[in-house]
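I opened this notebook to keep track of what I looked up in one structure, entry by entry. The entries follow the order in which I went through it.

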Amino acid sequence: MVKVRENYLRAFPKKEDFIAYMSTWVSDPKEETSIMLWAVKKYKLMPYLHYDLDSLKEIAAYVYETNFEKEHKGHTNISLQSK
Ligand code: HEM
């Protein structure tokens with residue numbers, strides 16, 4: 001999610017654009033509309049999640065607001081180092 005957030009922030013610096021694109025994309029993940037095609041090629045398309053659009057907007061807003069590297073250290077710091 002750290003990488004997804006980075007890429008989305010670069011592509012959609014404005015919060016409303018970020019939320020709109022991410023929530024729509026996650027509600028219907030498609031290769032054609034991916035902004036991270038290399039990730040799709042490497043890991044395959046992420047699964048369809050049964051969240052309604054309003055929930056996805058809330059999740060996208062949370063992702064926009066949260067610096068995971070700062071606020072969530074995970075189990076080890078190693079897993080959060082950029083590749
Ligand atoms: C609420 C939960 C989740 C949100 C908001 C979310 C959001 C996203 C977004 C925005 C992308 C990048 C889309 C793009 O390519 O432009 C992505 C990629 C990805 N996600 Fe998720 N995701 C979630 C849950 C999951 C889960 C549960 C899995 C696996 C079981 C998963 C696996 C992946 C993978 C493998 C990619 C990279 C390949 C791709 O872009 O499809 N995600 N996710």
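**Confidence.** I began with the confidence of each element, and found that helix α5 (residues 68-71) has the lowest mean pLDDT among the elements of the protein, 82, whereas α2 has the highest, 98. I noted that pLDDT is the predictor's confidence in each residue, on a scale from 0 to 100. For the protein the mean pLDDT is 90, and 86% of its residues reach 70 or more. The model is a predicted one, and local features need a pLDDT of at least 70, side-chain atom pairs count only at pLDDT 80 or more, and totals for chains, interfaces and linings use all residues. Residues are numbered from 1 along each chain as its sequence is written.

**Overall make-up.** I then looked up the elements and recorded five helices and zero strands, in the order α-α-α-α-α from the N terminus on. Helices (H or I, at least four residues) and strands (E, at least two) are DSSP runs, numbered from the N terminus. Of the 83 residues of the protein, 6% count as buried; a residue is buried if 20 or more other C-beta atoms lie within 10 Å of its own, exposed if 12 or fewer, and partly exposed in between, with C-beta atoms placed from the backbone. I also looked at contacts, where two residues are in contact if their C-beta atoms, placed from the backbone, lie within 7 Å. Of the contacts in the protein with a separation of 6 or more, residues 24 or more positions apart account for 63%.

**Helix α2.** Which residues of α2 are buried? I found I19, M22 and S23. Seen down the axis of α2, these buried residues fall within an arc of 95°, so they line one face of the helix; the arc is that of the directions from the helix axis to the C-beta atoms. What covers the buried residues of α2 includes α1 and α4. I checked the length as well: at 1.5 Å a residue, the 13 residues of α2 should span 18 Å, and the end C-alpha atoms are 18 Å apart, which agrees. The expected span here is 1.5 Å times one less than the number of residues in the helix.

V4 is found in helix α1 and counts as partly exposed, because 15 C-beta neighbours lie inside 10 Å. The C-alpha atoms of V4 and M22 are separated by 9.8 Å, though the two residues are 18 residues apart along the chain. In helix α4 (residues 53-65) I looked up A61, which is partly exposed because it has 16 other C-beta atoms within 10 Å. A61 and A20 are 41 residues apart along the chain, and their C-alpha atoms are separated by 9.4 Å.

Is M1 buried or exposed? M1 is exposed, because 10 other C-beta atoms lie within 10 Å, and its place is in the segment before α1 (2-11). Leaving aside its neighbours within four places in sequence, M1 is in contact with V63 and F68. Between M1 and F68 there are 8.3 Å in space, C-alpha to C-alpha, while the pair is 67 residues apart in sequence.

**The loop between α3 and α4.** K44 is found in this loop, and its phi is near 70°, a positive value in a residue other than glycine. K44 is exposed, because 9 other C-beta atoms lie within 10 Å. P47 has its place in the loop between α3 and α4 too, and P47 is exposed because 7 other C-beta atoms lie within 10 Å. The C-alpha atoms of P47 and V26 are separated by 8.7 Å, with the residues 21 apart along the chain.

**The ligand.** How many residues surround the ligand? I recorded 16, and the closest are S34, M36, A39, Y43 and M46. The elements that give two or more residues to this shell are α2 (15-27) and α3 (37-43). A residue belongs near the molecule if its C-beta atom, placed from the backbone, lies within 6 Å of it. By class, the shell has 15 nonpolar, one polar and no charged residues; Ala, Val, Leu, Ile, Met, Phe, Trp, Tyr, Cys and Pro count as nonpolar, Asp, Glu, Lys and Arg as charged, and the others, Gly among them, as polar.
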